[in-house]
Structures are given as structure tokens and as C-alpha cells.
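The following paragraphs guide a reader who is new to this structure. They begin with the meeting of two chains and then turn to the fold of one of them.

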Amino acid sequence: MTILSDLAARIATGAVRVVDLTHTLDPDFPVIVLPPEFGQCARFRMEEVSAYDHRGPAWKWHNLSLNEHTGTHFDAPSHWISGRDVPNGAVDEIAPEALIGPVCVIDCSAGAAADDDFALTPEHIRDWEAAHGQIPSGAWVLMRTDWSHRSGADYLNMAEDGAHSPGPTPDAIRLLLDRDIRGFGTETVGTDAGQGSHYDPPFPAHYLLHGAGKFGLQCLRNLDQLPPTGAVLIAPPLKIKGGTGSPLRVLALVDQT
Amino acid sequence: MTEPLSPPKKKDPQRRSPVATLPPRTRSRAGLGLAVAAAENAFRLQTCADCGAVQYPPRDACCRCLSTDLPWRETDRTGTVIAETRIHASPDPYFRARLPWRAGSVRLAAGPTAICHLHGDVGRGDAVRLRLMLDKAGRGVMVALPQTPTPAMEDDPMMRELTAHPRHRRVLVTDARAPEAPALVQALLDAGAAHVWVGEAEAWRRWPGRAGFEGRENVTLVPLDVTDSDSLATLAGEIGGKTDILVNTARHVRPGGVMAADTVQARDAMEVNALGLMRLGQAFGPGMAGRTADGVNRAACFATVLSAHALSPDPGYGAFAASQAAARSVAQTLRAEFARGGLRMTCIYTGPTEDDWHDGLPPPKVAPKALARGIVKGLIDGLEEVFVGDVAQDLAERWRRDPGILERELGDMP
């Protein structure tokens, strides 16, 4: 057996489990909200073109409208000003092999349950490494907060002073960049904390990750079904010319043996 | 004395809902002028430019001097009933279902004698106040009303036919976040609405005004987003068959011209203001237009708030004005489509409103309460074109006189 035929067989038997880390694209799923004078992230919308009717007798299909950053989505380096000059920084330019890789999951769910503004710090990362070994170069790092269990207004958790949701500190991102990660992913609407604009630099995950040519994933779910290490993440965005990101289906392969 | 309307009983589910019929629709081109005046509560009659005669009914030439120069002029609204009759038999299906019907001849202070529909509280010899009103077919008819208001006069069966009074009706207000929504809901309840549903888009975005609608008697927040066909289909599936009045308050306003503005915001404006109205018409129009004879709380009116700049743009709000012109055009098509079922399409035009998006503009601006009052008054009066506030009224007047000059005047504004 080759590695690939062995993998296919193990997926078929369930020895390798495929975990879907994706939310359903749904008109009611929250998107990031900016001050109203700015252009806004388009909500997911689906208009029926035909449904086996006078508009098309034998077929049903829809036109979609959405933003590159609607729903569970991928952030390419060119999404942020710091990454504008990164070579191959748009989704269509990223090499396909860069879209599949090992994944480390840092469990912050207890902290996020206690504090909406929970911050992932270098100390948390070092504690995790003490238990599971150093984060390998080229790994995806996902911050598990169980935030995806929230729905409705509790998801963005907006207050008069902005959103309140967990995220990394600038130093945590710097440490991850020292480890030469592939990208960083979260269960919240962005890779940064709800109050991430008040860090220096503002939105450190976006600013530092994309400046270093790394990727982002957000609005993930089912992170509680992943082991801390050992799973493989498959996260290919749509091939959009010059795209700064893309909704996508994120899958994880988990060895059950 | 008018017998006050009682709240309607629940429908007998085994009986067929009454089929809507319309009064006679055919009019000459001149006759349609009455509808134009009635739509906005004007009392304009043909007045001969050559000999000064006021004539009724409208004709193509002056009945006194045969001149064809017959401008429509606002005219004295008073008159005296000189004869009345109670019609007990009619071959017309619409009137057959509403017999007996009272009509009379009224001598207008302006000169002519007119056959009018008579309000129940007026009779032979009475001094009356005349109005041009839109009938169920959307045509202008002359109505004789008591000179001074009488108790419950709006409950008269004829008035109930000619207006969209909210009393005992169930109303859908489409956007709870609109600045005028709280005052509008209150004004509708004050006018006797049986229930008000208030649409809430994006419940996942917290907003402080929500508390004002929660837990109120006869008020329900419902999920509704005019940019999402599915949300409309779902809501129409629940309440489309009992929505008697719909007031669309969803508006997307952003300042900025066309050259320097961005198409993302323009697209949002089109999605909410023009296509949103279209989707509402598609989701709720058929159900409402099919229920226009359905008892005391029959469906009566589909209304939308528009900017008066739908008539002619304010270049400071270029994309918004474009969306308003598109929305007005959608409303006009809906009006033609609804008319076949006897449902009224009402446009409520406002000037700049007192809100975040008109912050930099000088007064006068329309306060949310004034807009709410204007909407409900339009329903009570049975209008199709309502201009709320001085700016909207002034714009409409200048637009009627000369749209080309108005365009240039607005273009010169700082």
C-alpha cells in the first residue's frame, strides 16, 4: 500500500476521522461590523435563479453575494496593509502545498469561559509547549475558545465600547512567528480579539501575521474535536484573482488509532 | 351618527374569503386628473384659463367657452347637499356587495354641481366639506363629508372603503431600527391598530432601541431583513395572510456624491431601498392584494418611506438619491399591479430627517415623531402620495412646476 491508498482506506474505515471545522454559510451568521461610515462586509445572500420552474424547468440554482471575509474564511497576507508587499500574498498566488499542514490546538476554553476578553499570552503558549512539545515550523496554530458555541448577539458580543471576544496579544503572535508557523486560526469573527484595536500595534494578529506572510483562519468550529497535536489541516481558499481572502471549507484529518 | 366599528370576529375557516371587486375603473384622460389630486389630498378641479369657469366632472373642453386650456387649480372645498338618494339595487358587482349606498348632488361653492358619495352623517340641505378621494380602483371620486368632524366619522362604511385607517388592523413595520419606528408604532396603536409587528434585521447586532419594543402589548418583534429573500418568504409564510397594512421603514442613507463615493455603499443603498421594496412587494404583495375585501380588517395599504429626492437628486447624496428614484419607480409599478386587487400603494416622501446621516445639513429637518405622524395621517386620510415636512412639500411643488429648473437649483446648492 502507498501512503495515499493507506490514507484513503483509513478515512473510509474511520481510522482517520475527517472533522469539519466550518460554519454553514447562512444569511444570519454574523460578520464583522465596522463603524457605519466605512464600507461594510457583505452578508451572505443567496437569490434563487430558478427552482425547476418557469425560470429554468429542470434545474435549481442560486446567485450568491458575499464578501471574501464572510463566514468561515481564510485571510491571505494581502488582506492587511503590512502584507501588501508580501510575494504571492493573494489567495490565487499561494502555492497549493502551503494550504495543507500539521495543526496545533491551544485550548483556551476555560479562560474564555471566565473572561470574554481573554488574551492568549506567550506564557500560555509556553505552558502548552511544556505539555505537548515545541510548536513545529510550518504548523497551523488554532486557538480553541469554544466561542463557536455562542450564537446570536453573544457571538460578536458588541457593547458600546466595541466587541468583546478573546484573542492573542502582540507578544503571543511574535512568539508564534518565532516558531515560524503557517498560520493562526480562531473561533471568533476575526483572528484578533474584539478589543484588538487597542493593542500596539492595533490588530496584532492581522498586522504581524500577514506582514510575515502568514495566513489567518476565522469563524472556525469543532476545535473541541481536535487533539492538541497530530491532526492535519486542509484549508484551500477559492482561487480568486487578487483575492485577499475567501470563504472555504476547513477540514481536519484526525488519527483515531 | 356613525356607529363605531367593533373589533372583527375571528374568521370562520369554512367560509370562502370574500373576493375583491372594484368599482368602475374606466376614466377619460381628463378624468384621471381627479386621482392625481386625490392621491395627495388636494382639491384641484379644472379651471378654465380663458373664462375662469370651474368645471366638474373633468372634460377635454370648457363647458362654458369650449377652451381646451384647463389647468387644475386648488378650489374651494365647501358646498351644500341639494339632493340625496339611497341606492338599493345595482348591477355593478362592487356596489352590489355594499348596498345600500348613499349618493347625492352637491352644489359646490366654486360653481358646479357634482354627484358625490355621501358620508353617513350628512344629508339634504347640509353644508359639507368636499374631498377628492381615491376609491378602491384607484380612481378619484368626490366625497361629501360633515363640515365639522363628527364622532367616529372615520368608521363610516364609505370611509372605511376609501381609507386605510389602522383601527382594528394588523400592521407590519419593516425596520425597527429606523429612527421613526418607535413613534410610528405608538401612533399606529393610538390610531387603534390591533397589532403591530416590527421587523428586526440582524438580531446578532445588539442595539439599545430593542428594549423599547420588547414585552409590549400588541407589539411583536419579528425577524425581517429586506435584503434577504428567504427571511421575507419565511415571515410572509407566518403573517402574510393577516397583514392588513405594511409600512416599509427600511432605509439605507449615506452621504456622498457619485464621483467620489464608492459603489459598495451605493449597492447597499440599492439593495435596501430599491430591491428591498421589490422583495417586500413580492413576498407580501400577493397575499395582501388578495385580501382587500376580507372583512373589517381587510388588507388596505402597502406604504413605503421615500426621500423627496426620489423626484430630483440632492447631489450631496447622489447614490442614495439614485436608489430613491429607483424605489419610487418600483413603487409606481407596484401601485399599478396592486390596483387590480384594490390594494393601495402609498409613498411617504420626507425631506432630510433628524438622524446621524443628515447631521451636517441645516434645518428644517423632519423629526422622527413628525414622520410617524405623517405616515399615520396618510393612512387615515387614504392617500397615495404624502409629503411630510416643509422641505418635501416645497420640493414637490417646485418639481410639479418645472423638474428641469428644480434639477439645476439643486445642483447649485453648496
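How many residues of chain A are in contact with chain B, and how many residues of chain B are in contact with chain A? In this predicted model, 13 residues of chain A are in contact with 13 residues of chain B. On the side of chain A that touches chain B, strand S2 (45–53) and helix H4 (153–156) of chain A each supply at least two residues. The largest share of that side of chain A, 3 residues, comes from H4(A). Sorted by class, the side of chain A that touches chain B has 7 nonpolar, 3 polar and 3 charged residues.

Attention may now pass to chain B as a whole. Chain B contains 10 helices and 15 strands. Its C-alpha trace spans about 60 × 60 × 35 Å along the principal axes. A compact globule of 414 residues would have a radius of gyration near 22 Å, and the value for chain B, 22 Å, agrees with this. Of the 414 residues in chain B, 44% are buried. Among the contacts in chain B with a separation of 6 or more, 69% are made by residues 24 or more positions apart.

Chain B is divided into two parts, domain 1 (32–162) and domain 2 (170–411). The centres of domain 1 of chain B and domain 2 of chain B, taken over C-alpha atoms, are separated by 30 Å. Where these domains meet, 10 residues of domain 1 of chain B are in contact with 9 residues of domain 2 of chain B. The side of domain 1 of chain B that touches domain 2 of chain B has, by class, 5 nonpolar, 2 polar and 3 charged residues.

Strands of a sheet pair through backbone hydrogen bonds, in either a parallel or an antiparallel arrangement. This sheet of chain B is open and has 7 strands in the order S11-S10-S9-S12-S13-S14-S15, with parallel pairing. At its edges lie strand S11 (219–223) and strand S15 (385–388) of chain B, each of which pairs on one side only. From one strand to the next, the twist averages 20°.

Within this sheet, strand S12 (residues 245–248) and strand S13 (residues 301–307) of chain B pair in the parallel sense over 4 bridges. B:Val247 has B:Ala303 as its bridge partner in S13(B). Helix H9 (residues 389–401) of chain B lies across strand S14 (344–350) and S15 of chain B, and this helix runs at about 125° to S15(B).

Terms used:
Residues numbered from 1 in each chain as written. Chains lettered and ligands numbered in written order. Predicted model: local features only at pLDDT ≥ 70, side-chain atom pairs only at ≥ 80, totals over all residues. Domains from an automatic or database assignment. Contact = placed C-beta atoms within 7 Å. Nonpolar A, V, L, I, M, F, W, Y, C, P; charged D, E, K, R; others polar. Pairing = 2+ DSSP bridges. Axes fitted to C-alpha atoms, helices over the stretch in contact; angles between N-to-C directions. Rg over C-alpha atoms; globule rule 2.2 N^0.38 Å. Buried ≥ 20, exposed ≤ 12 C-beta atoms within 10 Å, placed from the backbone.
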